[in-house]
Amino acid sequence: MKKDVKNEILKTGMRLFREQGYANVSMRNIADALGMSVGNLTYHFKRKEELIESVIYAQLESFEPPPTPTTIKQLDEFFSRGVEEQKGDDYFLRYYDELATISPKIYAIQVEAIKTRKKKLYDAFDILEQKGLMKPEEFPGQRDAIIDVINIIKIYWTPSQEALSSALESPINCLRSIIYGLLTDKGKKDYCIELRSCSIKTREQIK
């Protein structure tokens with residue numbers, strides 16, 4: 001029974017944080033939404049910080065990171081999957097910096113996620129370079145800087161940035177444009193074939 005109550009608290013906390021933002025939700029709000037007293041709520045989670053930590057840990061438990069891309073197609077799927085996940089959890093990215101200041105545990109999770117994504121991209125770029133699909137660095141630190149830019153786009157893009165009309169619906173074309181400039185002629189040819197395939201699939205889904 002206690003486990004069921006705890007799960008309901010996590011679900012309600014996640015919903016309210018997404019709808020209103022962490023700073024605008026109190027333990028009283030969460031307790032009222034659940035129809036319980038604040039005392040019963042704090043029996044399970046003593047502080048709001050502890051609740052948001054548990055919400056994020058619960059998400060991590062259900063998250064399965066994608067494999068390291070080894071082909072142009074897999075690299076594009078890596079980005080597309082990331083964008084879709086971002087849409088589903090846009091609250092946690094809209095308040096990314098705020099959440100980092102709330103809890104050292106959340107900050108550590110964020111840092112580890114960035115490091116994991118950087119490692120996968122480094123490895124993917126090395127594999128594609130070995131296959132003759134991606135150009136080597138043109139100056140020292142170029143690849144590191146590009147991967148940082150990709151991570152920044154992944155973290156800070158949200159659909160509310162209306163001034164950035166080309167990325168309003170999705171940053172996927174921004175990511176594709178960055179990658180295209182890194183490819184060899186062979187890589188660009190393969191990527192164009194893959195992008196045409198993606199476009200056809202999209203049109204079929206719309207019909």
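User: In what order do the elements of the chain run from the N terminus on?

Analyst: They run α-α-α-α-α-α-α-α-α-α-α. The secondary structure comes to eleven helices and zero strands. Keep in mind that this is a predicted model.

User: How many residues are in the chain, and what share of them is buried?

Analyst: The chain has 207 residues, and 38% of them are buried. To count as buried, a residue needs a relative accessible area under 20%.

User: What share of the contacts joins residues at least 24 apart?

Analyst: The share is 66%, taken among contacts between residues at least 6 apart in sequence.

User: Why is I9 called buried?

Analyst: Its relative accessible area is 0%. The cut-off for buried is under 20%. I9 is therefore buried.

User: Where does I9 lie, and what does I9 touch?

Analyst: I9 lies in helix 1, residues 2–20. Leaving out residues up to four places away in sequence, I9 touches L34, M36, L41, H44, F45 and L51. Take L51 from that list. I9 and L51 are 42 residues apart along the chain, yet their C-alpha atoms are separated by 8.5 Å.

User: What makes K115 exposed?

Analyst: K115 has a relative accessible area of 52%. Exposed means over 50%. So K115 counts as exposed. Its place is in helix 8.

User: Why does G132 count as partly exposed?

Analyst: The relative accessibility of G132 is 32%. Buried is under 20% and exposed is over 50%, with partly exposed in between. So G132 counts as partly exposed.

User: Where is G132, and which residues does G132 touch?

Analyst: G132 sits in the loop between helix 8 and helix 9. G132 touches T184 and K186, not counting residues up to four places away in sequence. The C-alpha atoms of G132 and G187 are separated by 7.3 Å, although the two are 55 residues apart along the chain.

User: How are two packed helices described?

Analyst: By the angle between their axes and the distance between the axes.

User: At what angle do the axes of helix 9 and helix 10 cross, and within what distance do they come?

Analyst: The axes cross at roughly 175 degrees and come within 11 Å. Helix 10 covers residues 172–180. Angles over 145 degrees count as roughly antiparallel. Helix 9 is therefore roughly antiparallel to helix 10.

User: Which residues make the contact of helix 9 with helix 10, and of what class are they?

Analyst: Helix 9 gives I146, V149, I150 and I153, while helix 10 gives L175, I178 and I179. By class, the contact has seven nonpolar, no polar and no charged residues.

User: How much space lies in the largest pocket?

Analyst: About 1000 Å³. The pocket is lined by 35 residues, and the closest to its centre are F63, E85, A113, R117 and K154.

User: Which helices supply at least two residues of that lining?

Analyst: They are helix 4 (48–62), helix 5 (72–88), helix 6 (90–94), helix 7 (96–102), helix 8 (104–130) and helix 9 (142–156). The largest share, nine residues, comes from helix 8.

User: What classes of residue make up the lining of the largest pocket?

Analyst: The lining has 21 nonpolar, six polar and eight charged residues.

Definitions and conventions
Residues are numbered from 1 along each chain as its sequence is written. This is a predicted model: local features need pLDDT of at least 70, side-chain atom pairs count only at pLDDT 80 or more; totals for chains, interfaces and linings use all residues. Side-chain values use heavy atoms; hydrogens and water are left out. On a 1 Å grid over the protein atoms alone, a cavity is a set of points where a 1.4 Å probe fits but cannot get out, and a pocket is an open set with protein on both sides within 12 Å along at least five of seven lines; lining residues have an atom within 4 Å of a point. Grid points are joined across faces, edges and corners, and a volume is the space filled by probe spheres set on the points. Helices (H or I, at least four residues) and strands (E, at least two) are DSSP runs, numbered from the N terminus. Ala, Val, Leu, Ile, Met, Phe, Trp, Tyr, Cys and Pro count as nonpolar, Asp, Glu, Lys and Arg as charged, and the others, Gly among them, as polar. Axes are lines fitted to C-alpha atoms, for helices over the stretch in contact, and angles run from 0 to 180 degrees between N-to-C directions. Angles under 35 degrees count as roughly parallel, over 145 as roughly antiparallel, 65 to 115 as roughly perpendicular and the rest as oblique. Contact means heavy atoms within 4.5 Å. Buried means under 20% relative accessible area, exposed over 50%, partly exposed in between (1.4 Å probe, protein chains only).
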